[in-house]
Amino acid sequence: MKKYDFIVVGSGCAGLAASLELLTKGHKVLMIEQHNIPGGAASGFVRGRFEFEPSLHELCSVGTPENPGDVLKMMDRFGVKVKWNQIKDCFRIISVYSDGSPMDVTLPAGKDAFIEKLNYYVPGCKDSIENMFALFDEVRRGLEYAGGDSYSVAVLMLKYLNLLKVGAQDCLTVFKALGMPQKAIDIISTYWSYLGVDMAHLSFPHYASMVSSYVTLGAAIPSHTSHEISVAMVERIRELGGDVIFNCRAEEFIFEDGKCKGVKTNLGEFRADCVLANINPDLIYGNMMDKSFVPEREKKLSAARNRNMSARMFTTYIGLNKSAEELGIKDYSIFISGTSDSVKEYESLKKIDTNNYEIFLCYNVDNPEASPEGTCICSFTTFYADGEEWSNVTDEEYYKLKTKIAKHFLDTLKEKAGLDLAPYIEEISIATPWTFARYLNTPEGCVYGYEASDWDNIIARSMSLKSDYADYDLGLLPIGAAGPRGDGYSSAYITGMIVAGIADKKYGKGGNN
């Protein structure tokens, strides 16, 4: 049997990035995947003549060749080539301001344009928004410094004092400290759902790192769904000498002398000095290993925080037999909510009957080749903040309920945005939290890992990398959305790289194990 330096279990975003990071450092790497295609949620599926994007709305931290973001820099370093389409607007939101007046605003990409348009909608907010972006920049630079191999608190206090001031603060507290008008707060809170945490519990640095990237660099999507990214990364893994095995499901981790030495699968056993598992830690420690090997820190953390799973996704995919132009669709993304108050909206997302939040996307607006000529592809996405709601749905109710919800979102789009799509539906597919749970093997259909809120936020997780990953010698490291960065695609890629770097130092050729 061939022995590897590292085995990566799961070809989701973090698994792909971790595999490439380890290969570039000269290691022998095997990546296994339970499905017959790579990517996890970063893949694609076909219905009729349409290829649908399962979950990617838009990817931040891409940028352009002239001004690359972290994701594009990563892809270039790995030698992965992807064709990108830039998103021209940040978002359109149709909602209600905190004072009860109607809201229908569209914000363009690009910092200067974004600020000017926001000041148009809320006269007098310009200074506070400019100060927010200045704070964004300091937070970003401070996080980059603190995320290095070593950092000095004295340097942080000298150069990045505002990062320390806002590090433990929620977004609403910081916005008010900046003197931002309430209507401006209502508008810039729009992206909260991309992190699955309301603005009263969302760490400001987490919000800052995401939104500054979306606005200043603009968002991007691959020309041929996120499956294009995942396939390109697999091809590069093989070019660099890595092995990839599909239809290979991890069943149990192998322990010898208290250390993980491989993984049992449906195709047999595979051995390595270290295993990186792109699997939710609840499943790793609860279902796939003897409880005696679970690190004491993990037991204490689990007992202490009682972590809530983050967003449980519900998405309706629609292939339409008319073009976006024929249907009058001009916006790439429209956020539609019952209120701009994210705290109230978050509470409403705990119940199926009170959920009125949706994100509507039409991929053809910024990617004309997303579907066959004369057609377009759209999706509606919402999420649920409590898994109990779907746990109580019976088999008899399930199909009727998911159809009812999809119809509700179609009706809402017609009412709020004047877009009547129902007569033109050629293909439709509906994914509930249980769809995501079944395909991704995630608890309750959660795709963002643990909710990154309050004290369990990106700052705390980043500062705990050593104690969470490097201090204990288990030979098994979780990676993915449940890790230090939380949330979506960009963060999962970066998490894979970060943890792979820790694994290389600890278990690589120059390591001490």
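Tyr 151, Val 153, Met 157, Leu 161, Leu 164 and Met 463 make up a nonpolar patch on the surface, with about 530 Å² of accessible area together. This is a predicted model, where local features need pLDDT of at least 70, side-chain atom pairs count only at pLDDT 80 or more, and totals for chains, interfaces and linings use all residues. Residues are numbered from 1 along each chain as its sequence is written, and side-chain values use heavy atoms, leaving out hydrogens and water.

**The surface patch**
- Two or more residues of the nonpolar patch come from each of α5 (153-159) and α6 (161-166).
- Leu 161 is in helix α6 (helices are DSSP runs of H or I, at least four residues, and strands are runs of E, at least two).

**Inside the protein**
- Searching the whole structure turns up three cavities of 30 Å³ or more (on a 1 Å grid, a cavity is a set of points where a 1.4 Å probe fits but cannot get out).
- The largest cavity holds about 60 Å³ of space.
- Residues that line the largest cavity include Ile 93, Asp 186, Trp 192 and Tyr 357.
- Domain 2 (46-67 + 84-109 + 218-223 + 311-447) and domain 3 (110-216) both contribute lining residues, so the largest cavity lies between them.

**Charged pairs**
- There are 21 salt bridges in the structure (a side-chain nitrogen of Lys or Arg within 4 Å of a carboxyl oxygen of Asp or Glu).
- One of them joins the side chains of Asp 243 and Lys 2 (2.9 Å, N to O).
- Asp 243 is in strand β9 (residues 243-245) and Lys 2 in the segment before β1 (3-9), so this pair ties together parts 241 residues apart in sequence.

Methods:
On a 1 Å grid over the protein atoms alone, a cavity is a set of points where a 1.4 Å probe fits but cannot get out, and a pocket is an open set with protein on both sides within 12 Å along at least five of seven lines; lining residues have an atom within 4 Å of a point. Grid points are joined across faces, edges and corners, and a volume is the space filled by probe spheres set on the points. Domain bounds come from an automatic or database domain assignment. Patches are made of residues with over 30% relative accessible area and no salt bridge: like charges are joined within 9 Å, nonpolar side chains (Val, Leu, Ile, Met, Phe, Trp, Tyr) within 5 Å. Accessible areas come from the Shrake-Rupley method with a 1.4 Å probe; for residues, only the protein chains shown count as cover.
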